[in-house]
Amino acid sequence: MDIGELILSTVRMATPILLVALAELYSERAGLVNIGLDGIMSFGALSGFMVCFLTGSPLLGIVAGACGGILVNMIYAYCTISLCAEQIVYGMAINIFAPAVASFIYRIYFGVSSTLAQGTLMKTVAIPVLKDIPFLGKLLFDQTPMVYFAYLMVIFTGIFFNKTKKGLNYKAVGEYPKAAETLGINVVRQKYVACIICGALAGIGGAYLTTCYVNTYSDGVVAGRGFIALSAVIFGRWSSGGVLLACLLFGFCDALQLRLQILSTSTPYQLFQMIPYVCTLVALAMFGIKKAGPKANGKPYLREER
């Protein structure tokens, strides 16, 4: 087994999980627990695939994935913020509704039994000089633009939440929204902004799968990555750096199971496919309950209450 190729695959396979985990981080920092990430990813994956198929541009596919993710997440936003409905229930509803709509649109447009490839995947972009660094050059500086975007988002998120006034105000909404309101922070608006960011990043994570990872769309292409991303936020202690490490761990497990399938063809492949999900369960069991998230997480905000 080539260790270098394994680590390279880890980076690529961790990228969609990282994008969606950052989406959930922005959501939970505003007090919104969104478990509908799988549904948003599915719709983003279809949007990205269709636009890339029609235009031949993976970049436009990524933009379409972001728009599709925002569109779906606005349903969740209206129900949980404006109507103060139960967040877990509506997140689960998104997981049921969005993949079904995506599958329906695909079958209506392309036909029931068709399996199409959009013909092109986003190409890697090598950074001159840096790409020639032994081992790390290919690993860090010869990737698709979406990989660079994901890791830049990690840096930006850490600075935003910990070093800026707007970031601290953002976190205040998820910790004590009533106190934040008394300081002049528009809590409802901030929650809607969080849903827009969450929908965009989760949609991009889904579009990554059909524009950078594989060149086709199929039911189940997301394969539970939204739930892995949700656990990565908990495992990563609601910090961008912790989320990055958690996603790299889950990406490593995913890359490893693919190579184990090749090395041991006599073993049922389903056993190897379990590895990332078993890792998720073990991580949550060992580390998930040792630190709570934002204090107002999952609680509806009623401005009229005292």
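How many salt bridges does the count come to? In this predicted model, the count comes to three. Their partners and surroundings are described below, after the overall form of the chain.

The secondary structure comprises 13 helices and two strands. The radius of gyration is 19 Å, close to the 19 Å that the globule rule gives for 306 residues, so the chain is as compact as a globular protein of that length. Along the principal axes, the C-alpha atoms fill a box of roughly 60 × 45 × 40 Å. Of the 306 residues, 50% count as buried. Contacts between residues at least 6 apart in sequence were also examined. Of these, 76% join residues at least 24 apart. The chain exposes about 14,300 Å². Carbon and sulfur atoms supply 70% of that area.

Side chains of opposite charge can pair when their charged atoms come close. Glu-175 counts as partly exposed because its relative accessibility is 29%. Arg-29 has a relative accessible area of 14% and is therefore buried, the cut-off being under 20%.

A salt bridge also joins the side chains of Asp-219 and Arg-107, at 3.2 Å from N to O. Asp-219 sits in the loop between helix H9 (187-213) and helix H10 (225-235), whereas Arg-107 is in helix H4 (residues 87-110), so the pair ties together parts that are 112 residues apart in sequence. Both partners are partly exposed: Asp-219 has a relative accessibility of 48%, and Arg-107 has 38%.

Asp-254 pairs with Arg-225 in a further salt bridge, with 3.8 Å between the closest N and O atoms. Asp-254 lies in helix H11 (residues 240-263) and Arg-225 in helix H10, so parts 29 residues apart in sequence are tied together. Here both side chains belong to buried residues. The relative accessible area is 11% for Asp-254 and 10% for Arg-225.

The surface also carries a nonpolar patch of about 420 Å². Leu-130, Ile-133, Phe-135, Leu-136 and Leu-140 make this patch. Leu-140 is found in helix H5 (residues 136-141). With 41% relative accessibility, Leu-140 counts as partly exposed.

Technical notes. Residues are numbered from 1 along each chain as its sequence is written. This is a predicted model: local features need pLDDT of at least 70, side-chain atom pairs count only at pLDDT 80 or more; totals for chains, interfaces and linings use all residues. Side-chain values use heavy atoms; hydrogens and water are left out. Patches are made of residues with over 30% relative accessible area and no salt bridge: like charges are joined within 9 Å, nonpolar side chains (Val, Leu, Ile, Met, Phe, Trp, Tyr) within 5 Å. Accessible areas come from the Shrake-Rupley method with a 1.4 Å probe; for residues, only the protein chains shown count as cover. A salt bridge is a side-chain nitrogen of Lys or Arg within 4 Å of a carboxyl oxygen of Asp or Glu. Helices (H or I, at least four residues) and strands (E, at least two) are DSSP runs, numbered from the N terminus. Buried means under 20% relative accessible area, exposed over 50%, partly exposed in between (1.4 Å probe, protein chains only). The radius of gyration is taken over C-alpha atoms; the globule rule is 2.2 Å times the number of residues to the power 0.38. Contact means heavy atoms within 4.5 Å.
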